[in-house]
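Try each one before reading its solution.

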Amino acid sequence: MSANIYHNRKAQWLAYIGLFLLLALVPVLFDSPFLLNQLARYAVFAMLAVSVSLVWGYGGILSLGQGIAFGLAAYGMGMTMQMQFQDPVSDPVPSFMLTNDLSTLPLLWEPFWSTPVGLALTIAVPTIFFIGFGAMMFQARVAGVFVAIMTLAMLAAWYAMAYDMQPFTSGFNGISPPMPFEFAGVSIDPYSPTAYLICVGFLAALTLAVKLLMQSKFGLVVQAIRDDPERVRFLGYNVAYYQVIVFAISGFIAACGGLCWVMVVQYVSPTSLELTLSVSAVIWAAVGGRLSLLGAILGAYLVNGLQSYMGDELQDVWMIVLGSIFIGVVLFLPRGLVGLIEDALGYFTGKSETETATVAIERTV
Amino acid sequence: MSVTDFWTPFELNSFLNALFIGLSIASIWLIAAVGLTIIYGTMGVINMAHGELIMLGAYTTYVLQTFFYIPFLLCLPLVFVIVSIFGLFIERTIIRRLYNRPLDTLLATWGLSLILIQGVRVIFGTAPKYVSIPGWLNFQVSLGFLHLPGFRLFIILATAALIFGTWYIAYRTTWGIRVRAVMADPDMASSFGIDSNRIYSITFAYGAGLAGVAGALFGGLKTLLPDMGSGYIVEAFLVVVVGGTQLLGSIFSSIILGELASIFSYFTNDTFARFVLFTLIVIFLRFRPQGLITEGMKRR
C-alpha cells in the first residue's frame, strides 16, 4: 500500500463525507436565502462536473454533450412545474402556447399533468437517450476526438430544436413556471433550505454512488478501458458495453442536475443546451482534477465562486482570467488542482510515513 | 402550427433558387473550414479557437478600413498576413506544447477562444461593427428566376481561388511535398532532413491566415460581434470531419452539407434544418468515422 495518504481509501471516504457534511451544515450556519440559492446552483454545477469526471476522467470519453442530458431534463422539469400551475378545466394551456396560436395542449405535454410521471420522464428520457446515443457510438468503436465532435453536433442539434419549436418550448424566451415546484403537497421555495438540501443531497448521493461503483470490479474495468481499450478488449471484455453504461450513468447524473437546476432557478431556456455550459462543465472538472470526483466538485465550486465574488471591475476580464486558468491547467496541471494536493501529501506523508494529514482525495492514476 | 404550415410545398423555381443558395452556404462553410482542414489534417490539432480567428480577421478588416482607410480588396492579403502572424504566435506559445495530445489541444484552444472573445469585447465593446464592401460588389445577379447578391457570388469565387491556391501549394510546390511528407510520417520525414516543427508552425500560421480571410469576407455579410466566431465553429468542424480531413473531402462535404441545409430549410425552416442535418451527420459518422474521402497513405 502506498504511503501517500491521498491514496488511502479510508481517508478518501472521510474527505468525501466531511465535505458533504460541511455542505449540509451551511443552512444551519448562515441564514441568507440568497446565499443558499447561489450555493444550490453551485451544487447543480458540481453534479455536472461529477458527470464529466465520471465519463472523461474515469471513462476516458471526452463528451461535450453533457448539456444534452442536462437540458432535456431541465425542459422536463420546466414542463412538470408549468403543468402544476395549469388547471385541467379552466386553464389547460400555458399562456405562451396561446400566444403561439396553439389552442390545445400538445400530446407531448399531456403526460406532464401528473407530477410523478413528469419527474420520471425528466430523468428517464435523457438517460435512455444517452444509452441509445452511446450504443450507437461505442458499438462502432468511435473514440477520442470523434466522440467529442459527435456529441458536439448532437448538442447543437438539440439546441436548434429547443430554439425552433417555439409553440412547444417557448423558443428563445424559455419557460418560466409561475410557481415553485410542489411535491407531495409541499411547495419547495427555491430560496429555502429545503431546496438547497435537496440539491446537496442529490450531489452527495450521486457522488458517493459513483465512487463506490468506481471502486468495484466494474469501475476497475472502466478505468482499464480508459488506459488501453485494445488490451481490455483482448482480455475478453465487451468494451462498448462498459462505455455505454458509463456514458448513460453520466447522462443520468447530468439529468439529475437539470432537474435540480430548474427547481432552483424556476426557469428553463435553450441556454441550458448551449455549448458554453457543456464546455464549462469540462473546464470545472479539469481545473479541479478530472481524475477525482471530489476534485471535480471543488473545481465547480471554486470556478463559480471565483466568478461570483471577483470584484465588479474584474467582471469584464473574467472570461480572460478563466481562459488563462484553463490553458494553464491543461498545459501544466493535467491532473488539476487535486494533483497538487496529491503531490503535496505525498511529499509530507510519503517521507515521514506518519499519517498526520486530515485531507485526502480520490486516488489518481 | 399545423403540418401544412410547417412543410413548404414543392415548387420548382424556388427550389432551384434554394439549390443556388445552398451553393452559397457551401462556399461559406468551406472557406470557414479550409484552414481547419489544413491544421487538423496536417497536425491533428483540434483548433476550437478557429472561429475566433475568423472573428479576428473580421475585426482586423474593420480596423484597417476604419482607421487606415484601406480598400476592401487590399484588406484581404493584409488580414491574411496579420492573422497568420497571430497564428504563429499561438502555435509557438500553446499548440507546440500539446502535440500528440489532441484532446488537450481541443481544451486549450477553447480556453484561448474565451480569451479572444473577451479581449475583443473589452477593446471594441459589444456594439456591432460593420465592414463596408466596395460599391461595385453591390449588384444582384438575376438569371431568370435565380437571384443572388453579387457579394455572395464574390465569396463563391474567392473560395474557389483560395482552394485552388491551397491545392497548388500542397501539390505543386516543394513546400507542399514537405508538408505532405510530415502528414504521412513525421519521423520518416525528419530523417530526410525535414524540420517537422517548422512545417507545423508554418502550416498553423497558414491555416490561421485562411481563417482571417474568411472573417474578412464574412464581415461583408453580417455585423461584427465578439462572439460571431462561435457561429461557424460547429459547421466548420462538421465539414472537416465529414470530409475526412482532406482538402478534396472538405470540398465535397461542404457542397453536400450546404445543399442539404438549403434543401431542408426550403421545406421546413433554418433551425429545424440544422437539427435534421446535425442528426444525419452524427448517424453518418457512426457508419463512416473516417469521413467521405481518405487518402490511401493515411489508412491505418
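**Exercise 1.** How many residues does the contact take from chain B, and how many from chain A?

*Solution.* Keep in mind that this is a predicted model. Start with the count: chain B gives 35 residues to the contact and chain A gives 37. Next, look at the elements on the side of chain B that touches chain A: helix 5 (102-124), helix 10 (230-243) and helix 12 (270-287) of chain B each supply at least two residues. Helix 5 of chain B gives the most, with 15 residues.

**Exercise 2.** Work out how helix 2 and helix 11 of chain A are arranged.

*Solution.* Two packed helices are described by the angle between their axes and the distance between the axes. For helix 2 (residues 33-58) and helix 11 (residues 239-265) of chain A, the angle is about 170 degrees and the axes are 8 Å apart. Angles over 145 degrees count as roughly antiparallel, so helix 2 and helix 11 of chain A are roughly antiparallel to each other. Now find the residues that meet: among them are A:Val44, A:Met47 and A:Leu48 in helix 2, and A:Ile249, A:Ile253 and A:Trp261 in helix 11. The residues of this contact divide into 16 nonpolar, 4 polar and 1 charged.

Methods:
Residues numbered from 1 in each chain as written. Chains lettered and ligands numbered in written order. Predicted model: local features only at pLDDT ≥ 70, side-chain atom pairs only at ≥ 80, totals over all residues. Contact = placed C-beta atoms within 7 Å. Helix = DSSP H or I, 4+ residues; strand = E, 2+ residues; numbered from the N terminus. Axes fitted to C-alpha atoms, helices over the stretch in contact; angles between N-to-C directions. Parallel < 35°, antiparallel > 145°, perpendicular 65-115°, else oblique. Nonpolar A, V, L, I, M, F, W, Y, C, P; charged D, E, K, R; others polar.
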